[in-house]
Amino acid sequence: MSDKKAHLTVDGIDGAIDMPVLSGTTGPDVVDVSSLTGKGLFTYDPGFVSTAACESKITYIDGAKGVLLHGGYPIEQLAEKSDYLETCYLLMNGELPNAQQKAEYLQTIMSHTMVHESLVNFFKGFRYDAHPMAMMCGVVGALASFYHDSLDINNPEHRNISALRLIAKMPTLAAMCYKHSKGQPFMYPDNRLGYAENFLHMMFGNPCEQSEIDPIVAKAMDVIFLLHADHEQNASTSTVRLAGSSGANPFACISAGIAALWGPAHGGANEAVVSMLEEIGDESRIEQFIKRAKDKADPFRLMGFGHRVYKNFDPRARVMQKICDQVLGAMGAENDPLFRIAKRLEQIALEDSYFIDKKLYPNVDFYSGIIMKAIGIPTDMFTVIFATGRTAGWIAHWNEMISSPYKIGRPRQLYRGYTARDFVSLDQR
Ligand code: SDX
């Protein structure tokens with residue numbers, strides 16, 4: 001505990017208000033402002049730009065340097081040397097598993113991949129053209145209705161089995177959304193396959209033929225899940241924590257996170273990037289879109305660019321670009337027009353003073369959509385893939401919060417409405 005203090009003087013309040021300054025293992029110090037309420041003051045920070053809402057050991061981001069660490073391990077090393085389920089174990093437990101722990105974890109996850117058969121009926125209620133994220137919000141929240149025996153959030157075993165079930169079942173539910181939209185039969189998991197391979201089997205397999213999954217594509221899918229696994233206190237993770245702070249069950253909290261992720265400013269950006277690249281259509285039209293992105297009067301923003309925290313390259317975008325090259329090469333699509341436009345767009349934007357001055361760099365969503373489109377995943381499934389990967393981070397943060405003393409999240413406000421006034425009867429209005 002540091003003995004550093006912040007001293008605040010406020011006109012109209014006698015004396016200075018001393019507040020503790022807390023230091024983490026790395027990163028900015030924080031000022032503990034909890035005593036301000038007792039002085040009749042709130043802090044004001046719309047969008048939580050300068051607010052640390054919690055303490056955590058799971059993930060660290062240095063936005064200025066483009067650094068992302070999970071349990072201290074750089075994302076570049078995890079993407080190259082680890083895999084998604086090993087990273088899930090790391091996020092939940094804070095350490096990489098040894099060989100026995102990893103084997104047991106994989107075995108446990110792969111033995112929970114099936115969903116209750118009644119969930120098939122949930123999908124029958126959706127229109128054929130329902131957006132997969134709408135379906136995921138519904139069916140993930142509904143999972144709670146099947147596990148009444150293990151929803152005691154204060155029981156570590158219930159928290160652990162819920163985390164395992166969510167990580168194991170998200171790919172199955174994601175694939176069911178896709179199959180529903182295609183009018184094709186749902187594919188049962190094949191637990192002899194790897195996690196990402198099994199997902200591709202359930203997505204693109206059919207009961208009439210043996211699934212043939214390209215190992216390069218399966219590896220790319222696993223790295224995509226890994227790169228999306230966690231990202232500190234982003235909007236959807238903060239949503240999961242806030243929902244969890246009321247004592248809501250983990251399935252409801254993850255459903256809330258899925259809803260928050262859906263927005264185009266957040267996880268919906270990967271879908272928006274591909275739509276934007278398709279709208280640009282040709283490299284000759286890039287300049288006019290750059291101009292629009294810089295025009296304050298135009299709501300258009302360069303999707304896949306910019307980030308609340310990264311004021312340098314998003315390290316995940318660099319890895320994603322390499323995977324793009326590999327997958328497109330493997331698919332014989334090196335000259336994919338969208339990829340060409342994306343690379344040219346990145347080059348132009350990074351040379352433009354607007355983007356340089358505002359420190360706008362490609363983020364994780366800029367290339368991911370191109371890879372997923374090359375794999376054959378439809379655009380409206382991109383954020384479902386993001387949600388599937390991010391489930392590990394969401395549930396790790398939820399578990400971290402619930403495992404220690406916590407308070408219900410209840411922000412205050414700067415009120416600018418009417419002060420008290422008497423009711424006016426209808427005949428007087
Ligand atoms: C994700 O938080 C996370 O960690 C999220 C995420 C995760 O893993 O969970 O990393 C995943 O959500 C990545 C971001 C995906 N979203 C997009 O690609 C959508 C496009 N990007 C923008 O909407 C924006 O950059 C945000 C939402 C990502 C960040 O917005 P901020 O932090 O609120 O920044 P801002 O809007 O205040 O922008 C600062 C300035 C503004 O100009 P000024 O008002 O200062 O003149 O930069 C401009 C913005 O207009 N700007 C852009 C821009 N992004 C910011 N201008 C053009 N194009 C853009 N993409």
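User: What makes Arg127 and Asp129 a salt bridge?

Analyst: In this predicted model, the closest N and O atoms of Arg127 and Asp129 are 2.7 Å apart. The cut-off for a side-chain nitrogen of Arg and a carboxyl oxygen of Asp is 4 Å, and the pair therefore counts as a salt bridge.

User: Why is Arg127 called exposed, and why is Asp129 called partly exposed?

Analyst: Arg127 has a relative accessible area of 59%; exposed means over 50%, so the term applies to Arg127. Asp129 has a relative accessible area of 38%. That value lies between 20% and 50%, and Asp129 is therefore partly exposed.

User: How do you know that Lys65 and Asp62 form a salt bridge?

Analyst: The closest N and O atoms of Lys65 and Asp62 are 3.9 Å apart. This is within 4 Å, so the pair meets the criterion. Lys65 counts as exposed at 63% relative accessibility, whereas Asp62 has a relative accessible area of 16%. Buried means under 20%, which is why Asp62 is called buried.

User: What makes Asp29 and Lys4 a salt bridge, and where in the chain do the two residues lie?

Analyst: Their closest N and O atoms are 2.3 Å apart, and this is within 4 Å, so the pair qualifies. The pair links distant parts of the chain, 25 residues apart: Asp29 lies in the loop between β2 (16–22) and β3 (30–31), and Lys4 in the segment before β1 (5–9). Asp29, at 35% relative accessibility, counts as partly exposed; Lys4 is partly exposed too, with a relative accessible area of 39%. In total, the structure holds 14 salt bridges.

User: Why is the pair of Phe199 and Phe225 called edge-to-face?

Analyst: The ring centres are 5.6 Å apart, and the limit for a pair is 6.5 Å, so the two rings form an aromatic pair. The planes are at 65° to each other; over 60 degrees counts as edge-to-face, and the term therefore applies. Phe199 belongs to helix α7 (residues 195–204) and Phe225 to helix α8 (residues 215–227), 26 residues apart.

User: How do you know whether Phe199 and Phe225 are buried or exposed?

Analyst: Phe199 is at 0% relative accessibility, and Phe225 is also at 0%. Buried means under 20%, so both residues are buried.

User: What makes Arg421 a charge over the ring of Tyr418?

Analyst: Arg421 lies over the face of Tyr418, at 3.5 Å from the ring centre.

Key. Residues numbered from 1 in each chain as written. Predicted model: local features only at pLDDT ≥ 70, side-chain atom pairs only at ≥ 80, totals over all residues. Heavy atoms only, no water. Phe/Tyr/Trp six-rings, centres within 6.5 Å; stacked < 30°, edge-to-face > 60°. Helix = DSSP H or I, 4+ residues; strand = E, 2+ residues; numbered from the N terminus. Buried < 20%, exposed > 50% of the residue type's maximum accessible area, 1.4 Å probe, protein only. Lys NZ or Arg CZ within 6 Å of the ring centre and 35° of its normal.
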